[in-house]
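Welcome! Please take a look at the sequence and the 3D structure below, and then follow this short tour.

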Amino acid sequence: WKFLKEMPKVELHAHLNGSLNTNSLRDLAEKVYGNTSEEFSHLCARFVNFEKDSNLDKCFEKFAFVHELTSTAAGLQYATELVIRDFANDNIQYLELRTTPKANKNYLRRDYLRIVLDTIKRSRKKYPNILVKLLPSINRSEPVAVAEETVALALELAKTDPDLVVGIDLSGIPTKGKFTDFCGVLDLARREGLKLVIHCAEIDNPPEIKEMLSFGMSRCGHGTYLTEEDFAQMKAANIPIECCLTSNVKSGSVSSFEEHHLKRLMESDAPRVVCTDDSGVFDTSLTNEFLLVVETFNVTRDQCIDLTLEAVKHSFASEQERQQMALKVEHYVNSLQ
Ligand code: 5GP
């Protein structure tokens, strides 16, 4: 555990509002809203409690609880800082944070992304050991016009902060929205230089999976229902699958850790990265995900290091940043000898 905890890890699939753990939710409720009630503590306990028969839909319902707490500018700002703090405390040296810009009576989508981006910048001083990038998310259950606004804002922000705003994520309830409706706006983002991470094959929808594979992406979120043929296609195109074990098992999309497709990906030496998805909602950490991988698949320390270096390679960091990350991993390995 100590070896995994201290390893300078790389997190490539983390949703901002899903990454607040119960302690941070309590911090947020107390510091921003002055809520220290026992009732809130009970709600937090319920939030991370999963029934045996849980499914993706039930997981998505949980986000409403956090969204309420981040629905003010101060709440969103502090939440972003807490998430960076928690990843830094888990020795994450590089984090790609994704989040869906929202609009309500307190902020517009532009303000939302600005708040998150400014907090990332300010956090550099406080947490110098973690490098954070931002991937605005398109929620596929919202209208295409919202996606167009999100991409326009991402491109606007990438003009002034090209080293921070590096890609676009497509996520949200996978049974909602039609992928092909978003192809135009995703293609625009890609042509303008943003990388694409797409939640793909989270449910068994072969026609959509085919559409997504032929459209292409830089990394694939989950890939749970990819066939052997699809895996081979991903491997040929060097597209890594972002594997989130606890998320997949707790949400019921994979029946057990042993059954997780990471096993097949490792056996066929296909590109893959280990990620948390929503470390708050699923009550996990990247250290814990690595521990599960070690315990479930008898993965060695060297293989854990290789998985981290693979994540470095598939990150959207600059060449120089990737070299620095790899060097940190190398130093860590040397410090153990
Ligand atoms: P936020 O974008 O609000 O910062 O993070 C939470 C949101 O990310 C959720 O409301 C949902 O739209 C998206 N999300 C989080 N986890 C998953 C996941 O496992 N699959 C999909 N498709 N979307 C997710």
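His15 lies in strand β1; helices (H or I, at least four residues) and strands (E, at least two) are DSSP runs, numbered from the N terminus. This is a predicted model, in which local features need pLDDT of at least 70 and side-chain atom pairs count only at pLDDT 80 or more, while totals for chains, interfaces and linings use all residues. Residues are numbered from 1 along each chain as its sequence is written.

**Around His15**

- His15 counts as buried because it has 25 C-beta neighbours inside 10 Å; a residue is buried if 20 or more other C-beta atoms lie within 10 Å of its own, exposed if 12 or fewer, and partly exposed in between, with C-beta atoms placed from the backbone.
- Leaving aside neighbours within four places in sequence, His15 is in contact with Arg98, Thr99, Asp277 and Asp278, where contact means that the C-beta atoms, placed from the backbone, lie within 7 Å.
- Although His15 and Arg98 are 83 residues apart along the chain, their C-alpha atoms are separated by 4.9 Å.

**The ligand shell**

- There are 17 residues around the ligand, and those that come nearest are His15, Asn17, Thr99, Thr100 and Ser171; a residue is near a molecule if its C-beta atom, placed from the backbone, lies within 6 Å of it.
- This shell divides into eleven polar, three charged and three nonpolar residues. Here Ala, Val, Leu, Ile, Met, Phe, Trp, Tyr, Cys and Pro count as nonpolar, Asp, Glu, Lys and Arg as charged, and the others, Gly among them, as polar.

**The sheet as a whole**

- Eight strands form an open sheet in the order β1-β2-β3-β4-β5-β6-β7-β8, with parallel pairing; two strands pair if DSSP finds at least two bridges between them.
- The edges are taken by β1 (9–15) and β8 (272–274), each with a single partner strand, so one side of each is left without a neighbour in the sheet.
- From one strand to the next, the twist averages 25°; axes are lines fitted to C-alpha atoms, for helices over the stretch in contact, and angles run from 0 to 180 degrees between N-to-C directions.

- Strand β2 (residues 92–99) runs parallel to β3 and is joined to it by six bridges, and Leu95 has Val132 in β3 as its bridge partner.
- Between β2 and β3 the chain passes through helix α6 (residues 109–126) in a right-handed β-α-β crossover; right-handed means that, with the strands pointing away from the viewer, the path from the first strand over the helix to the second runs clockwise.
- β3 is largely enclosed by the rest of the structure, because eight of its nine residues are buried.
- Three bridges pair β3 and β4 in the parallel sense, with Asn139 opposite Ser171 in β4.

- Strand β4 (residues 167–171) pairs with strand β5 (residues 195–200) in the parallel sense over four bridges, and Leu170 has Ile198 in β5 as its bridge partner.
- Helix α7 (residues 144–160) packs on the sheet, touching β3 (131–139) and β4, and its direction makes about 155° with that of β3.
- β5 and β6 also pair in the parallel sense, over four bridges, and together with helix α9 (residues 206–215) they make a right-handed β-α-β unit.
- β6 and strand β7 (residues 241–243) pair in the parallel sense over two bridges, and the chain crosses between them through helix α10 (residues 228–236), again as a right-handed β-α-β crossover.

Definitions and conventions:
Contact = placed C-beta atoms within 7 Å.
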